[in-house]
Amino acid sequence: MLGFIGCGNMGSAIIKGIIDSGIDPKNMYAYDHHKEKILNTNSKINICSNNIEVVNKSKYIFLAIKPHLYNEVLQAIKDHLTYDKIIIIMAAGYTIKQAEEIIGNKKIVRIMPNTPALIKQGFITISYNNKLSIEEKNIIINLLKNIGTVKEINEDLMNAYSSITGSGPAFVYLFIEAMADAALLLGIPKKEAYEAISTMIIGSAKLLLETSKHPAELRDMVTSPSGTTIEGIRTLEEKAFRSSIIECVVNTYKKNLDIKNIR
Ligand SMILES: NC(=O)C1=CN([C@@H]2O[C@H](COP(=O)(O)OP(=O)(O)OC[C@H]3O[C@@H](n4cnc5c(N)ncnc54)[C@H](O)[C@@H]3O)[C@@H](O)[C@H]2O)C=CC1
Ligand SMILES: O=C(O)[C@@H]1CCC=N1
């Protein structure tokens, strides 16, 4: 049985992605202060009256609430977390050690998912404490494979991945918005622009993954001598595009270390 505490943006993306993959919502239990958020995920999911009921009914419990609520909620459920249960944490910056300090020697998994999980295109990094068996790890990996690519990592890198793959979709959408504004300026309607730009991004990313070429080599393939693209590249370099992206990711990473102020 799967349990979900919190059905906001990330909780609901995971629930919907898992259900779309064929897992029966009748085997899923959820609680959120806002009942409509649970109902919005799927009308057949079991709605619990509180978080303790979610824990009592489930073996795998996803904690999809904001980081500043983790201590309080873990404290409230800890007496119901028997040793067979597995708690799956996903809050930006919140470590397995912090969870252990509250719930003790229980089975803890830390993941960093992202919203494309909603359409089974997520990228999910995963780490564990030493309480899980190989079989339990495989069950969770296989469950998460229903919503995207799963990568086991050393927990030390979780905040770095959070800044790249967790937050990354927001940065990509900002880029898409900016490209679409430019497209509009040049006469392409917004809706057509979103389709064209998104398809171009998917194609460019797939070309990189499928050829394993260096991104600079692929960029050179687009950039003809005395051509048009180099004018755009020159502008991005003038406007410190690369440095802006590096600063963006590093500042995002730094915020992961300031967990008390993540709301
Ligand atoms: N949104 C994203 O793209 C990602 C979010 N995360 C992490 O996932 C967690 C959830 O983030 P979001 O879904 O974006 O936040 P959200 O604000 O959209 O959802 C949180 C939900 O928790 C509910 N909630 C609040 N207190 C609760 C309680 N005591 N018991 C049960 N439910 C309660 C709220 O009503 C809300 O629906 C955060 O810790 C965040 O760091 C991780 C990766 C990506
Ligand atoms: O903005 C946040 O805090 C969360 C963590 C990664 C993506 N969204």
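Helices here are DSSP runs of at least four residues, numbered from the N terminus. Keep in mind that everything below comes from a predicted model.

**View 1. The shell around ligand 1.** A total of 27 residues surround ligand 1. The closest are Gly6, Gly8, Asn9, Met10 and Ala91. Which helix gives the largest share of this shell? That's helix H1, spanning residues 9–20, with three residues. Sorted by class, the shell around ligand 1 holds 14 nonpolar residues, ten polar ones and three charged ones.

**View 2. The residues around ligand 2.** Here you'll find Ala92, Ser162, Gly166, Ser167 and Ile262 around ligand 2. Three of these residues are polar and two are nonpolar, while no charged residue takes part in the shell.

**View 3. Helix H4 crossing helix H5.** Now zoom in on H4 (residues 70–77) and H5 (residues 96–103), whose axes come within 9 Å. The two axes cross at roughly 40°. Angles under 35 degrees would count as roughly parallel and 65 to 115 as roughly perpendicular, so H4 and H5 are oblique to each other. Their crossing is right-handed. On the H4 side, Asn71, Leu74 and Gln75 make the contact, meeting Ala99, Ile102 and Ile103 of H5. By class, that contact of H4 with H5 comes to four nonpolar and two polar residues, with no charged ones.

**View 4. Helix H7 meeting helix H12.** This close-up pairs H7 (residues 158–166) with H12 (residues 241–256). Their axes come within 9 Å and cross at roughly 130°. That angle makes H7 oblique to H12. H7 passes H12 in a right-handed crossing. Altogether, the contact of H7 with H12 has five polar residues, four nonpolar ones and no charged ones.

**View 5. Helix H8 against helix H9.** Last up are H8 (residues 168–185) and H9 (residues 190–211), with axes that come within 9 Å of each other. Those axes cross at roughly 130°, which makes H8 oblique to H9. The crossing of H8 and H9 is right-handed. Which residues of H8 do the meeting? They are Val172, Ile176, Met179, Ala180, Ala183 and Leu184. Across from them, H9 brings in Lys190, Ala193, Tyr194, Ile197, Ser198 and Ile201. By class, the contact of H8 with H9 has ten nonpolar residues, one polar residue and one charged residue.

How values were computed: Residues numbered from 1 in each chain as written. Chains lettered and ligands numbered in written order. Predicted model: local features only at pLDDT ≥ 70, side-chain atom pairs only at ≥ 80, totals over all residues. Near = placed C-beta within 6 Å. Helix = DSSP H or I, 4+ residues; strand = E, 2+ residues; numbered from the N terminus. Nonpolar A, V, L, I, M, F, W, Y, C, P; charged D, E, K, R; others polar. Axes fitted to C-alpha atoms, helices over the stretch in contact; angles between N-to-C directions. Parallel < 35°, antiparallel > 145°, perpendicular 65-115°, else oblique. Left-handed = near helix turned anticlockwise from the far one by under 90°. Contact = placed C-beta atoms within 7 Å.
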